[in-house]
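Take a look at the model, then read on.

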Amino acid sequence: MTSRISKTIEPFALVHINLVTGDERGTLLPDMMILVGAHGRIETVAPSADVPVPNEYHVLDGTGKYVMPGLINAHTHLFSQGRPLNPKMATPKGQRITAAIVHSPVGKPYVAATAKNSVRTLLESGVTTIRTLGDIAYEAVALRDDIAAGEEVGPHILASGPLLAIPDGHGAPLIALEGEAPQDMRANTRRNIANGVNAVKIAATGGVTDSQVLGEAGAPQMTVEQMRAICDEAHDAGILVAAHAQSAEGVRRALAAGVDTIEHGSRLDDALIESFKHNPNALRGYSALIPTISAGFPLHAFGRDVTGITEIQAENSRTVVDGMLAGARAAHEAGVLVGVGTDTAMTFVTQYNTWRELALLVKYAGFTPAEAVRAATRTNARILNVSGITGSLDEGKYADMMVLDSNPLDDLSTLAHPKLVVAGGHPVWHPAPKRFDDIDRLLDEAMRREE
Ligand SMILES: [Zn+2]
């Protein structure tokens, strides 16, 4: 059956459901009902027996079903579907050629269509809020506005536009604005803000997939001063700043500059843990970690014959992935806020596998399934500053939720097949994201093999 998305919202009642609240204890409330109003917000959450369903509401009988808040993915890119990136394209020259194409009049509609496709896939997989962290241009901003205006149905979007990097730094030039002096960093940040972004991303260190020399991934690419200039501009506009940082020194500098979320991360000593918990330069006085194990796991679990990365990239990935896993574990143990992001569009990181990050946090970072569900819902909402509108099934928030056949706390893989997704009150009937069976087979096998 093909999926069907409803562009209009008709008030409905989901009755006799098991409600997965998404708290850290894994609280499950049996025989509950949720009323969703025509404005797409949750009006009532109560035991089914307590509240009569108003006449004009459609009634959906959820007997035997489990309903939980929609997933939030705090680290996405929309420019690809997650097939392995061609290593030739990841070279500076390859990136320059690709960048020229996607910024041309021919390329722009392609970029917009790809982004729309990605967002649709995310939605059908139960993701009702995303943050993009590195776009080609402002395609995610445009999509966000179309969705907010009701012209499209999709997740809430926090859109970064291009990330901010040094010349030839990580992500440049394909998905980055390049600058060197602190005043360039300010100008690039202001350019993004003028184009409507509501997230800002810094490349604080080199990365794996575009590394050309040993040790490049994680090598610091910006000073505290450069990053401070970006944080000041963004924070003045009330916007949180994320930094790609894959070494302890990169993390240290980013936190010192006032970065609000560290993406990927590294091994963390006590001083770094403390800087996350109390960060006077961050917008809210603390910073959070988004480990993105989903992006590291394939590079770690598969051979180069499968991933297509170079020998140097494979070597770089070993150090980075080991550090990322150790950092995620240490942060969770120490009570640092750890959120869920997957780095979609990277090699083998599809737009529909957000749920796998929850399983990976359980496997590698010491999370219980309940803690992983909380991280992808309530904690992510808090980290991204959207807990006023989403992240839990509470009255007054948007009706962002997924309906499941079984209890996700017993088996997280049920999250891969939601029966119904609701985003801002819009039902997505028979969600069926386009999957890549070969990628899923490889990931399933690797998850089992590593046990
Ligand atoms: Zn990324």
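## Two packed helices

This is a predicted model. Helix 6 covers residues 248-257, and helix 7 covers residues 270-277. The two pack at an angle of about 30 degrees. Their axes are 10 Å apart. Angles under 35 degrees count as roughly parallel, so helix 6 is roughly parallel to helix 7. The crossing of helix 6 past helix 7 is left-handed.

Which residues make the contact? Helix 6 supplies Ala248, Val251, Arg252 and Leu255. Helix 7 supplies Leu272, Ser275 and Phe276. By type, the residues of this contact split into five nonpolar, one polar and one charged.

## Alanine 248

Alanine 248 belongs to helix 6. Is alanine 248 buried or partly exposed? Its relative accessibility is 36%, so alanine 248 counts as partly exposed. Beyond its neighbours within four places in sequence, alanine 248 is in contact with Ser266, Arg267 and Leu272.

Alanine 248 and histidine 39 are 209 residues apart in sequence. In space, they are 46 Å apart, C-alpha to C-alpha.

## Leucine 268

Leucine 268 sits in the loop between strand 14 (261-264) and helix 7. Its relative accessibility is 12%, and buried means under 20%, so leucine 268 counts as buried.

What does leucine 268 touch, leaving aside its neighbours within four places in sequence? Its contacts are Val251, Ile273, Phe276, Leu289, Gly327, Ala330 and Ala331. Val251 and Phe276 also take part in the contact of helix 6 with helix 7. Glutamate 56 is 212 residues from leucine 268 in sequence. The C-alpha atoms of this pair are 55 Å apart.

Histidine 75 and aspartate 343 link distant parts of the chain, 268 residues apart. Histidine 75 is in strand 7 (residues 71-76). Aspartate 343 is in the loop between helix 10 (311-334) and helix 11 (354-365). Histidine 75 has 0% relative accessibility, so it counts as buried. Aspartate 343, at 7%, also counts as buried.

Conventions: Residues are numbered from 1 along each chain as its sequence is written. This is a predicted model: local features need pLDDT of at least 70, side-chain atom pairs count only at pLDDT 80 or more; totals for chains, interfaces and linings use all residues. Side-chain values use heavy atoms; hydrogens and water are left out. Axes are lines fitted to C-alpha atoms, for helices over the stretch in contact, and angles run from 0 to 180 degrees between N-to-C directions. Helices (H or I, at least four residues) and strands (E, at least two) are DSSP runs, numbered from the N terminus. Angles under 35 degrees count as roughly parallel, over 145 as roughly antiparallel, 65 to 115 as roughly perpendicular and the rest as oblique. A crossing is left-handed if the near helix is turned anticlockwise from the far one by less than a right angle, and right-handed if clockwise. Contact means heavy atoms within 4.5 Å. Ala, Val, Leu, Ile, Met, Phe, Trp, Tyr, Cys and Pro count as nonpolar, Asp, Glu, Lys and Arg as charged, and the others, Gly among them, as polar. Buried means under 20% relative accessible area, exposed over 50%, partly exposed in between (1.4 Å probe, protein chains only).
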